[in-house]
Amino acid sequence: MTLHELINNKKADLRYIDGSASVLDAIKSMHEGKIGSLLIQSEEGKLAGIVTERDILRFCSSRHGDVELVQVADIMTRNPVSAPPDCSNEEAMTLMTERRFRHLPIVEDGKTLGMVSIGDLVKARLQDVTVEVKYLREYLSA
Ligand code: AMP
């Protein structure tokens, strides 16, 4: 399965936040959307950054500021790694495991098309494997 198929099946809206929003706004938005990351766009509409639960944890544990005063732009990762829509599930899993992050934006020609989490990839892989096992069992018992 490619990431293109995966984001088409997912149909969830991409969730963005302004870099000038507070860390508290990011926490509220992630909580409301039941998601672990938010994307940040540049003024030109290009993908500029990503902020995840991990960034917020790191910020809170460092205690270098107030979640209401510090901006998302100060804690986000700039220019996140992305993958094209024709990237396979396995390639994306390898990339995320090697680079140690759990979120991957899907970008084509500078346009952000979607986002997958490691959870989405594991779920899709599990479905594929379940179908494979079913057909193998049927084949062996025929
Ligand atoms: P995560 O495991 O996705 O919560 O992210 C762990 C760290 O990697 C955080 O500092 C994120 O901002 C950063 N991160 C998450 N996704 C990406 C990505 N696609 N490219 C670069 N950094 C990322």
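**Salt bridges, sheet and helices in a predicted model**

Being three residues apart in helix α3, Asp 55 and Arg 58 are separated by about one helical turn; helices (H or I, at least four residues) and strands (E, at least two) are DSSP runs, numbered from the N terminus. The structure is a predicted model, in which local features need pLDDT of at least 70 and side-chain atom pairs count only at pLDDT 80 or more, while totals for chains, interfaces and linings use all residues. Residues are numbered from 1 along each chain as its sequence is written, and side-chain values use heavy atoms, with hydrogens and water left out.

Asp 55 and Arg 58 form a salt bridge, with their closest N and O atoms 3.2 Å apart; the term stands for a side-chain nitrogen of Lys or Arg within 4 Å of a carboxyl oxygen of Asp or Glu. Asp 55 is buried, at a relative accessible area of 6% (buried means under 20% relative accessible area, exposed over 50%, partly exposed in between, with a 1.4 Å probe and protein chains only). The structure holds four salt bridges. One of them joins the side chains of Arg 15 and Glu 32 (2.8 Å, N to O). Arg 15 lies in the loop between α1 (3–10) and α2, and Glu 32 in helix α2, so this pair ties together parts that are 17 residues apart in sequence. Arg 15 is partly exposed at 28%, and Glu 32 is exposed at 61%.

Helix α2 (residues 23–33) also carries Ser 29, which counts as buried at 14% relative accessibility. Leaving aside neighbours within four places in sequence, Ser 29 is in contact with Arg 15 and Leu 38, contact meaning heavy atoms within 4.5 Å.

Turning to the sheet, three strands form an open, antiparallel arrangement in the order β1-β2-β3; two strands pair if DSSP finds at least two bridges between them. β1 (37–41) and β3 (77–78) stand at the edges with a single partner strand each, so one side of each is left without a neighbour in the sheet. Five bridges join β1 to β2 (residues 47–52), and Ile 40 stands opposite Gly 49 in β2.

Two helices lie across these strands. Helix α3 (residues 53–62) lies across β2 and β3, at about 65 degrees to β2.

Technical notes. Axes are lines fitted to C-alpha atoms, for helices over the stretch in contact, and angles run from 0 to 180 degrees between N-to-C directions.
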